[in-house]
Amino acid sequence: PAAEPVLVADAKTHLRIVGTDEDTYLTHLIKVAREKVERDSRRALITQTLELQLDRFPGCCGVIALPYAAPLQSVTSIKYTDTDGTTETTLGTDDYEVDIDVDPGRVRPVSTETWPPTDTALGAVRIRYVCGYGTAGSSVPATLLHCIYLLVEHWYCNRGIVIVGQTSKELEITYQDLIQPYMVRELDRK
């Protein structure tokens, strides 16, 4: 993404930090926390362009669920290598339909079509798509933002692998409770 959903200034307010000495470290923690929330929820928080590579188009019904495409904004292109192994072809937007109303978003050939045959090379199909809630943190659900704040606070206050002294499971329970409703279930890749 072009930006992080949580600003350093907001993280500093949450942590009650004054001054700029920790800004670089907080920037790092915010990025790591956003990546963890995205990985755990299987969602893109801030608008970003992703690309899925497949070895071939699926058979059967031909539906392709796009990873981290929750929410899916659009499909930019679907390209594939022809069976001759040398020609890259871009499918026309009339050849496939996009479903942005499910999590994760998905594509499939129009009802009268099937996916075209491809070369047998690895990565013969490439689907480029745009996903995320928006370009600013204000577009991201507050619950997911709070997950980022919790992780940043935890990592800021506990900079090592081992916590010496009193141990608590509250953070883990709170984080799991918050992120659970936003988790996209595992994709079936056949």
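A residue counts as exposed when its relative accessible area is over 50%, as buried when that area is under 20%, and as partly exposed in between. L122 has a relative accessibility of 75%, so L122 counts as exposed. This leucine is found in the loop between strand 6 and strand 7, the latter covering residues 125-131. Along the chain L122 and D55 are 67 residues apart, yet their C-alpha atoms are separated by 4.8 Å. The model in which these values were computed is a predicted one.

With these terms in hand, the whole chain can be described. The protein has four helices and seven strands. Read from the N terminus, the order of the elements is α-α-β-β-β-β-β-β-β-α-α. The radius of gyration is 20 Å, whereas the globule rule gives 16 Å for 190 residues; the value is well over the rule, so the protein is more spread out than a compact globule. The C-alpha trace spans about 60 × 30 × 30 Å along its principal axes.

Other totals describe the surface and the contacts. Of the 190 residues, 37% count as buried. The protein exposes about 11,100 Å², and carbon and sulfur atoms supply 50% of this area. Contacts between residues at least 6 apart in sequence can be sorted by separation: 76% of them join residues at least 24 apart.

Helix 1 is made of residues 8-15 and helix 2 of residues 23-41; their axes come within 10 Å and cross at roughly 100°. That angle makes helix 1 roughly perpendicular to helix 2. On the side of helix 1 the contact is made by V8, A11, K12 and L15, and on the side of helix 2 by D23, L26, T27 and I30. Sorted by class, the residues of this contact are five nonpolar, one polar and two charged.

One of these residues can be followed further. Is I30 buried or exposed? The relative accessible area of I30 is 1%, and because buried means under 20%, I30 is buried. This isoleucine lies in helix 2. Leaving out residues up to four places away in sequence, I30 touches E4, V6, L7, V8, A11, I148 and V152. Q73 gives a separation in the other sense: I30 and Q73 are 43 residues apart in sequence and 24 Å apart in space, C-alpha to C-alpha.

Which residues does E51 contact, apart from its neighbours within four places in sequence? They are R126, I127, R128 and Y129. E51 and V98 are 47 residues apart along the chain, and their C-alpha atoms are separated by 15 Å.

The backbone angles come last. Most residues other than glycine have a negative phi, and most peptide bonds are trans. Against that background, some places in this chain deserve a look.

Two residues concern phi. R16 has a phi near 60°, a positive value in a residue other than glycine. R16 is placed in the loop between helix 1 and helix 2. With 75% relative accessibility, R16 counts as exposed. R42 also has a positive phi, near 60°, and is likewise a residue other than glycine. The position of R42 is in the loop between helix 2 and strand 1, which covers residues 48-54. Its relative accessible area is 28%, so R42 is partly exposed.

Two further places concern the peptide bond. A70 and P71 are joined by a cis peptide bond, with omega at about -5°. P71 is found in the loop that runs between strand 2 (64-65) and strand 3 (72-81). D103 and P104 are joined by a cis peptide bond as well, and here omega is about 0°. P104 lies in the loop between strand 5 (96-99) and strand 6 (106-109).

Conventions: Residues numbered from 1 in each chain as written. Predicted model: local features only at pLDDT ≥ 70, side-chain atom pairs only at ≥ 80, totals over all residues. Heavy atoms only, no water. Axes fitted to C-alpha atoms, helices over the stretch in contact; angles between N-to-C directions. Parallel < 35°, antiparallel > 145°, perpendicular 65-115°, else oblique. Contact = heavy atoms within 4.5 Å. Nonpolar A, V, L, I, M, F, W, Y, C, P; charged D, E, K, R; others polar. Rg over C-alpha atoms; globule rule 2.2 N^0.38 Å. Buried < 20%, exposed > 50% of the residue type's maximum accessible area, 1.4 Å probe, protein only. Areas by Shrake-Rupley, 256 points an atom, 1.4 Å probe, with all protein chains shown as cover.
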